[in-house]
Amino acid sequence: MGKAIIYYILLMLLAIGSVTFFIVKNVNYDSHYDMETINEVSLSPSLHTISYGGYQSEYAVIPDCADVSPDNFTADTYAALLVNNETHEAIVSYNSLKRIYPASTTKLMTAIVVCDALYNGEISLDDQITLTHDTQITEEGALVSQLKAGYTITVRNLLYGLLMKSYNDFAVILAEHVSGSESAFCERMNQKAYQIGATGSHFVNPHGLHDDNHYITAYDMYLILEESEKYEIIREIDSYNSFTYSYTTADGQVLEDDITPTNQFLAGNYKLPSNITMDSWKTGTTKAAGNILALNVTIDGSSYSIFVADSVSQDDLYDKIGIMFNLTQ
């Protein structure tokens, strides 16, 4: 009996000691480090130093909830971002980590995934795709082509129409050709976004027409723009101010479509300053997303990434882009 009592007392003491240990450790961890107690690191002159090229060495990093020079954009802009790609510094950042709707800027990620399939040998630019069904695009005002079930078109022409004219049915046709279905293709879009660090995005369709669960951040679009620069065909398409592509109808007629870019600088409706050249870009417009332009430009030999999602009008959007241009000086 006496041994049993001693045994239980020892167990109680052990339990009390363990609890005390964890409480003390937690209290210690709750307190902030005292900077004066941290020893300075000394590098021996006999050893070479190593430069660790992390994420921050290649891209601008925007601290959460930290706006940078937002004054021109807070009144009527959903989000804005201007990055100096030479220094990887943000010149402007407003709501750049906030979820917003991307509209057709989505198609830049669509093109990237299609290009990955091209580079992997899964598909070819010269693939002839014959539509087995009409593409169902029902959102009011959504751009669609003349293609119907039985019509045939190449992957190359689909890519041009996707990026330049922003045809929504072209996004669906490409997605189905690459992955068999839109949903399977969107899985690849989300995987690619994760790989490049665009973890604030989620894609549920390849065209960007509105869905509450389809969103990006301005910062993610900056990363997508940077990724798009790695693909020669995207850079080529984004340099055109007009293009004529062809397709074949079900009865064998070869028809042509003359297209101009949705980017109004390239279309000639807004003047692009002579010291600025356009690199990768994508526009987007829906009622929920507003008017969006994401673009990489070269200004006096230096590269910049720009994103503006404007809530007012196309004119206001291009005015905001003009402000961005001036802020690079």
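Where is the place of N263, and between which β and α elements does that loop lie?

**View 1. N263 sits in a loop of this predicted model.** The loop in question runs between β6 (254-259) and α9 (264-267); helices here are DSSP runs of H or I with at least four residues, strands are runs of E with at least two, and both are numbered from the N terminus. With a relative accessible area of 0%, N263 is buried (under 20% relative accessible area, 1.4 Å probe, protein chains only). Leaving aside residues up to four places away in sequence, N263 touches M278, W281, T283, L293 and Y318 (contact means heavy atoms within 4.5 Å).

**View 2. Helices α3 and α4 pack against each other.** Residues 106-119 form α3 and residues 155-165 form α4, with the axes 10 Å apart and an angle of about 160° (axes are lines fitted to C-alpha atoms over the stretch in contact, and angles run from 0 to 180 degrees between N-to-C directions). So the two helices, α3 and α4, are roughly antiparallel (angles over 145 degrees). On the α3 side, the contact uses K107, L108, T110, A111, V114 and L118, and α4 brings V155, L159, L162 and L163.

**View 3. The whole chain, for context.** There are 10 helices and nine strands, and 45% of the 329 residues count as buried.

Numbering starts from 1 along each chain as its sequence is written. Local features need pLDDT of at least 70, side-chain atom pairs count only at pLDDT 80 or more, totals for chains, interfaces and linings use all residues, and side-chain values use heavy atoms, with hydrogens and water left out.

How values were computed: Buried means under 20% relative accessible area, exposed over 50%, partly exposed in between (1.4 Å probe, protein chains only). Angles under 35 degrees count as roughly parallel, over 145 as roughly antiparallel, 65 to 115 as roughly perpendicular and the rest as oblique.
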